[in-house]
Amino acid sequence: MSQNAQKPKILVARAIFPDLLAELEKVAIVQSNQDDHLWNAVDLKAALADKDAAIVSGGERVDADILKASPNLKIVSNIAVGYNNLDMPAFKAANVMATNTPDVLTDTTADFGFTLMMATARRVTESEQWLRAGHWGKFSICDAPLSMDIHHSTLGIMGMGRIGQAIAKRARGFNMNVTYFNRSRLSEDLEKECGATYVDRETLLKQSDHIILVMPYTPENHHLFGEKELNLMKPSATLVNIARGGIVDELALAKALKENRIFGAGLDVFEGEPKVIPELLALKNVVLAPHMASATEKTRRAMIQLAIKNCLAGLNGQTPPNLLKA
């Protein structure tokens, strides 16, 4: 029997750093996608048909149909914290393991959430476009793009997991009043550590100067943030979404922004990404980013390394460090 015949077959569905791919190829027969094509369901199904494992990103949907057509599949390792691309009941039924990559991107994502909030409140991208268009003819006290303060304002965090807590801790440096809403309340000690106060959802919406969404996407959370929620916000408030696009009703948000019912929005995630609806693209008071909250080289390397570690552990009969429960 050849040495290759004993190696597991692994699909790497998206481009990864070449040196990390080379390390994986030492222990497995790897089908990689270094051209980084976006595969449709038919392509993914065909690629997984003979594989023992797969390393995927949030852009690859693995459902019951694909699992049924992959009889050798033991584990799917997701390079992301969120895993709404994985049909978890189907994984349980097929007895296939699934993993994600928490912790290693917490601080980087929290940094970006705070960055996006500041860019939105201080109109950074809009001001740059204003400058580039030649409108800055003189220093003006009142005519320049005026913005909203971060310091001593109220920050409302919806979703208080690892990333939400990290954002709350960053807010202390700006002397912000931090409130949060979560499915379950944090312990008293953890609230004190984060400097955050639990409030109900309506109170958070009404009182916050800045709102950051950090909750996971679930079918129950689809368009959780829509017309009703936007109407409860202050006209001077900002909304930032670094969670998942489907949580926000983007048409309702675009309408509220166009009518100046809220001050601005910062979005790193979109329901139809990589496509962004034209209603948002046409607006000046929204900061748009291409799903890049975790996009530093150090963090993306750590995510890939953890995904590989999870994958190989599952193939070797061990419990992966980040095994998901259906």
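At 26% relative accessibility, Arg-201 counts as partly exposed (buried means under 20% relative accessible area, exposed over 50%, partly exposed in between, with a 1.4 Å probe and protein chains only). Arg-201 forms a salt bridge with Glu-229, one of 22 salt bridges in the structure. This is a predicted model, in which local features need pLDDT of at least 70 and side-chain atom pairs count only at pLDDT 80 or more, while totals for chains, interfaces and linings use all residues. Residues are numbered from 1 along each chain as its sequence is written, and side-chain values use heavy atoms, with hydrogens and water left out.

**Salt bridges**

- A salt bridge here is a side-chain nitrogen of Lys or Arg within 4 Å of a carboxyl oxygen of Asp or Glu.
- In the bridge between Arg-201 and Glu-229, the closest N and O atoms are 3.6 Å apart. The pair links distant parts of the chain, with Arg-201 in helix H9 (residues 201-207) and Glu-229 in helix H10 (residues 227-232), 28 residues apart. Glu-229 counts as buried because its relative accessibility is 9%.
- Lys-51 and Asp-50 form a salt bridge, and their closest N and O atoms lie 2.8 Å apart. Lys-51 is buried at 5% relative accessibility, whereas Asp-50 is partly exposed at 34%.
- Lys-255 bridges to Glu-259, with 3.0 Å between the closest N and O atoms. Lys-255 is partly exposed, at 43% relative accessibility, and Glu-259 is partly exposed with a relative accessible area of 41%.

- Helices (H or I, at least four residues) and strands (E, at least two) are DSSP runs, numbered from the N terminus. Two strands pair if DSSP finds at least two bridges between them.
- From strand E9 (residues 210-213), His-210 and Ile-212 point one way and Ile-211 and Leu-213 the other way; all are buried.
- Strand E6 (residues 154-158) runs parallel to E9 and is joined to E9 by four bridges. Gly-156 stands opposite Ile-211 in E9.
- Strand E10 (residues 238-241) also pairs with E9 in the parallel sense, over four bridges. Here Ile-212 is opposite Val-240 in E10.
- E9, H10 and E10 form a right-handed β-α-β unit. A crossover is right-handed if, with the strands pointing away from the viewer, the path from the first strand over the helix to the second runs clockwise.
- H10, the helix of this unit, also holds Glu-229, the partner of Arg-201 in H9.
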